[in-house]
Amino acid sequence: MKRIHYSWFILAVTFFSIIVAGITMSSSGVFITPFESEFGWNRSVIAVAFAISLFLYGISGPFMAALLNVMGLRKMMMMSMATLLTGMLLTFIMQQAWQLIIIWGVIIGLGSSLFLTVLSPYVANHWFEKRRGLAVGILTASTATGQLILLPVLAGIIENYSWRPAMGLILTLSLIMLIVILIFMKNSPKDVGLLRYGQEEEVEDSKEEQKENPIVTAFKGLSAAVKVKAFWLLAGSFFVCGFSTNGLIGTHFVSYCISFGIPLVTAASLLSFMGVFNLVGTTLSGWLSDRFDNRWLLFTYYALRGASLVFLPWALKEGSMTLLFIFSIFYGLDWIATVPPTISISRQIFGIKQSAVIYGWIFASHQVGAAAAAYGGGLIYQFFNSYTGSFLMAGIFCLLASFFVIFIKKQYSGRLA
């Protein structure tokens, strides 16, 4: 019987670690109303905390990529999960809005950064020679899996008890994953006497980048990337991606549904339903990114997402659950399907050694967009008592982003490595 390559075990540990970090961030939408009710905080103030978290975990990405070269995969994952645990523990004793901003915005933002930015491409590049696109697709889809399973559960706990037991559930899962990482995670295939999955002969890895200061490494990567037009096109399209996904849908979709009289658990279940199709769509996108022109994949994804976001306000106004399920299916298939082809193009342009850090900067742009939508959505609601303008704006931005990616040259002539 053929033994399963240890790379797949690493993939599994990474998958479940990302699930925990992903549900922590995606749960922000179900905590807005409870925080508002219990503490009397203004919704735009709560949105500031979530916006800082989204921005900070994104902007930390390139530095996390550089630190991986210095500290190793296992230690970085343990430190990040421990930081998440600390943030969730402190949530139980917060009393003031500024404490929410520090705890959720800074501590939880930093704790989730590694898992939700550069970990997927790093694991795929260092543990897989073949099936990299599939590995990235599976790991990217894991952010939706936690949402799929746990969001309705969290919403039900909040509705029947309070937000504290719901936070306790996430805390328990984080503790379990910290123990799993401690036991099973390894830095590289060499630690278990193997080559990368699909690698036929050993290639000597350069240690040069490991001697360099992580901050210097991160900014050197940025300095090289800004000279390449494709970087700006990818960063610009990813800004829109973040704006239209975890920034807007992830933070405000539940509240948007509630404003139309849809119960909390039903709204969270719709978001969870998107997670089902996101799991399918993103994994399939990873498989497709190994086989087709990634530019046209991105064009299709952004165009369909834009159309679905324009469709959503009408579906809510009609009050039809059938229309909302249709939206959830189409949006869910597309939610983060953009990630595998974006990573693939980044790797082809900048090479394996530089792509993790440079993708970190591209993802930072993603989170700037997410932060803008998280805060902007709350601000627009505060002024107009409606989210409709925010969702229509996001749909138009997605349609524009679909044209950004077509200008990336097929030959990837800006290649640096």
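Close-up 1. Contact here means heavy atoms within 4.5 Å, and buried means under 20% relative accessible area, with exposed over 50% and partly exposed in between (1.4 Å probe, protein chains only). Helices are DSSP runs (H or I, at least four residues), numbered from the N terminus. This is a predicted model, in which local features need pLDDT of at least 70 and side-chain atom pairs count only at pLDDT 80 or more, while totals for chains, interfaces and linings use all residues. Residues are numbered from 1 along each chain as its sequence is written, and side-chain values use heavy atoms, leaving out hydrogens and water. The buried set in α5 includes Leu73, Met76, Met77, Ser80, Met81, Leu84 and Leu85. An α-helix has 3.6 residues a turn, so residues three or four places apart point the same way. The expected span is 1.5 Å times one less than the number of residues.

**Close-up 2. Helix α3, wrapped up by its neighbours.** Twelve of the 17 residues of α3 are buried, so the rest of the structure largely encloses this helix. Among them are Arg43, Ser44, Phe50, Leu54, Leu56 and Tyr57. Their packing partners are α1, α2, α4, α6, α12 (249-258) and α16. From first C-alpha to last, α3 (residues 43-59) reaches 24 Å, close to the 24 Å expected at 1.5 Å a residue.

**Close-up 3. A proline inside helix α2.** Pro34 is found in α2 and is buried, with a relative accessible area of 14%. Leaving aside residues up to four places away in sequence, Pro34 touches Ile158 and Trp163. Leu56, one of the buried residues of α3, sits 22 residues from Pro34 in sequence and 24 Å from it in space, C-alpha to C-alpha.

Close-up 4. The structure holds five salt bridges, each a side-chain nitrogen of Lys or Arg within 4 Å of a carboxyl oxygen of Asp or Glu. Side chains of opposite charge can pair when their charged atoms come close. Glu129 pairs with Arg196, the closest N and O atoms being 2.8 Å apart. That pair links distant parts of the chain, with Glu129 in the loop between α7 and α8 and Arg196 in the loop between α9 and α10 (214-225), 67 residues apart. Glu129 is partly exposed at 34% relative accessibility, whereas Arg196 counts as buried at 17%.

**Close-up 5. Arginine pairs at helix α14.** Arg305 forms a salt bridge with Asp334, with 3.4 Å between the closest N and O atoms. Arg305 lies in α14 (residues 294-318) and Asp334 in α15 (residues 321-334), so the pair ties together parts that are 29 residues apart in sequence. Both Arg305 and Asp334 are buried. Back at the previous view, salt bridges that share partners join Glu129, Arg132 and Arg196 into one network. Another pair is Arg295 with Asp293, at 2.9 Å from N to O; Arg295 is buried too, at 10% relative accessibility.

**Close-up 6. Cysteines without partners.** No disulfides turn up in the structure, a disulfide being a pair of cysteine sulfur atoms within 2.5 Å. For Cys257, the closest cysteine sulfur is in Cys398, 18 Å off and too far for a bond. Cys398 is in no disulfide either, its nearest cysteine sulfur being that of Cys241, 7.7 Å away. Cys257 is buried at 0% relative accessibility, and Cys398 is buried with a relative accessible area of 0%.

**Close-up 7. Two loop residues with positive phi.** Arg131 has a phi near 65°, a positive value in a residue other than glycine. Its loop runs between α7 (119-127) and α8 (132-160), and Arg131 is partly exposed at 45% relative accessibility. Asn385, also not a glycine, has a positive phi of about 55°. Asn385 lies in the loop between α16 (339-384) and α17 (388-404) and counts as exposed at 58% relative accessibility.
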